[in-house]
Amino acid sequence: MKIYLSKFKLIIPILIFIIYGFTACQIIPIEENSQMVSFSSTSIDAFQTNQSFTITPSIKKTTTKTPTQVSSFTPSPSFTPTITNTPFSLENFSYNFRPNEVSAQTYLETCSYLANRWGEEKSIPGTIVVPIMYHSVRQSGRPLQDEMQVSQEYFEYTMEYATKLGFETITTEELIGFLYSNDPIPQYSMIMIIDDRRLGVVDDHFMKYLDQNDWTVTLAYITGVASEFEWQEFARLNVNNRLDLQAHGFLHNAETYITENTSTEIIEQELYEPISIIEEKTGRKPSAFIWPGGNFTTESVQMAREAGYEVGFTVYSRGPLMYNWIPLGSTEIKVSDPLMVLPRYWSNSAAIYLEKAVEISTKAQEFAEENKAKEQIWFQNYCKEFQNDSGNH
Ligand SMILES: [Zn+2]
């Protein structure tokens with residue numbers, strides 16, 4: 001047994017190193033402590049077999065005591081990496097997206113996540129946000145010119161269907177509170193984002209529904225080319241605070257799209273120049289950056305963070321958002337910051353995805369209930385430093 005163990009202790013740090021490279025976005029924190037690793041293995045076995053699992057108060061991350069080995073514990077090639085370094089593996093809710101390139105990414109460490117997961121002051125598990133990208137709404141009877149347009153009929157159908165399903169809108173600020181801290185929002189939420197400078201679309205099509213339902217719409221605005229007349233229109237339409245003004249670049253044109261070839265000066269202009277303008281027009285700095293033309297790079301995502309943006313949106317249609325659960329494709333996964341590359345459904349198929357979101361929400365809620373006890377045990381034993389912040393566990 002001793003020989004096995006010493007070999008095992010050598011193997012584990014290597015395994016941790018290998019695994020960590022592949023699971024940087026997962027919520028499982030890695031302990032570089034072989035004592036911890038050994039202990040963990042015993043409790044996994046105990047938990048999984050449901051035998052004699054006891055919560056011992058002396059269990060601490062910093063413990064130097066060598067834990068007792070249970071007789072069933074035998075290191076072997078089948079000992080899989082995912083359970084080597086945590087008390088026991090906490091499963092995440094998974095959903096098979098199509099195409100299967102898309103997968104839900106986590107972005108919080110397990111303890112930060114669990115600290116806000118349950119509680120009366122929090123969104124209930126299964127709370128979901130559907131982001132929808134709008135451009136123009138084509139007047140009834142006129143043919144669509146491109147796939148970014150939506151017919152008036154489908155637009156109205158989407159609004160009515162959203163109401164029927166029980167969706168409410170949220171602002172960027174509410175979205176950030178939800179994604180970062182699970183702050184309460186309606187269980188079925190959507191954030192409708194109109195790109196570019198389309199106050200006419202707001203006035204002609206959206207405002208009726210905003211007023212009827214007490215909703216808001218987010219404007220991804222190109223601030224550098226807006227005229228004084230537009231700002232007057234903005235102020236007129238925003239009289240009831242229904243418009244959530246956010247940044248969509250300064251000039252947003254062929255010379256300023258953010259690609260690998262764009263100069264730092266131009267990227268900084270597109271990111272920074274909108275901030276003071278939006279603050280002047282609304283009294284608040286923008287907190288969302290909607291990537292102009294959908295283009296972004298790893299470097300520009302980091303620069304957007306430095307500029308103070310807390311979320312970003314692409315033009316990729318991937319899936320709905322939940323707390324610590326962002327569906328992304330391989331292009332966005334590469335930048336390693338899910339919150340800065342949030343997906344958006346397209347307006348011409350939004351209604352189908354509202355329905356899909358309700359289905360995902362229901363499954364996520366069921367999953368959460370089934371896993372609640374495990375999550376609480378995990379939190380109680382391995383998140384001691386978080387427990388004063390949250391009286392919910
Ligand atoms: Zn645009």
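**Briefing: helix packing, core and local backbone features**

Helix α4 passes helix α11 in a right-handed crossing; a crossing is right-handed if the near helix is turned clockwise from the far one by less than a right angle, and left-handed if anticlockwise. The model is predicted, and local features need pLDDT of at least 70, side-chain atom pairs count only at pLDDT 80 or more, and totals for chains, interfaces and linings use all residues. Residues are numbered from 1 along each chain as its sequence is written. The protein chain holds 11 helices and 12 strands, taken as DSSP runs numbered from the N terminus (helices: H or I, at least four residues; strands: E, at least two).

**Helix pairs**

- The axes of α4 (residues 152-165) and α11 come within 9 Å and cross at roughly 15 degrees; axes are lines fitted to C-alpha atoms, for helices over the stretch in contact, and angles run from 0 to 180 degrees between N-to-C directions.
- α4 and α11 are therefore roughly parallel to each other, the class for angles under 35 degrees, with over 145 counted as roughly antiparallel, 65 to 115 as roughly perpendicular and the rest as oblique.
- Y157, T158, Y161, A162 and L165 of α4 meet A350, A351, L354 and V358 of α11, where contact requires C-beta atoms, placed from the backbone, within 7 Å.
- The residues of this α4 contact with α11 comprise eight nonpolar, one polar and no charged; Ala, Val, Leu, Ile, Met, Phe, Trp, Tyr, Cys and Pro count as nonpolar, Asp, Glu, Lys and Arg as charged, and the others, Gly among them, as polar.
- For α6 (residues 199-213) and α7 (residues 228-237), the axes come within 10 Å and cross at roughly 25 degrees, and these helices are therefore roughly parallel to each other.
- α6 passes α7 in a left-handed crossing, with L199, V202, D203 and M207 of α6 in contact with E230, E233, F234 and L237 of α7.
- The α6 contact with α7 divides into five nonpolar, no polar and three charged residues.

**Core and burial**

- Of the 393 residues of the protein chain, 36% count as buried; a residue is buried if 20 or more other C-beta atoms lie within 10 Å of its own, exposed if 12 or fewer, and partly exposed in between.
- The largest nonpolar core has 78 residues, of which V129, V130, I132 and I193 touch the most other members; such a core is a set of buried Ala, Val, Leu, Ile, Met, Phe, Trp, Tyr and Cys residues joined through C-beta atoms within 7 Å.
- Helix α11 (residues 350-382) supplies the largest share of this core, 10 residues.
- Beyond four places in sequence, the contacts of I193 include P131, Y134, A220, I290 and F313.

- Among contacts with a separation of 6 or more, 76% join residues 24 or more positions apart.
- V201, in helix α6, counts as buried because it has 20 C-beta neighbours inside 10 Å.

**Backbone features in loops**

- The R98 to P99 peptide bond is cis, with omega near 0 degrees, and P99 is found in the loop between α2 (34-49) and β1 (103-105).
- N324, in the loop between β10 (311-313) and β11 (326-328), is not a glycine, yet has a positive phi of about 60 degrees.
- With 24 C-beta neighbours inside 10 Å, N324 counts as buried.
- S336, also not a glycine, has a positive phi of about 60 degrees and counts as partly exposed, with 15 C-beta neighbours inside 10 Å.

How values were computed. Two residues are in contact if their C-beta atoms, placed from the backbone, lie within 7 Å.
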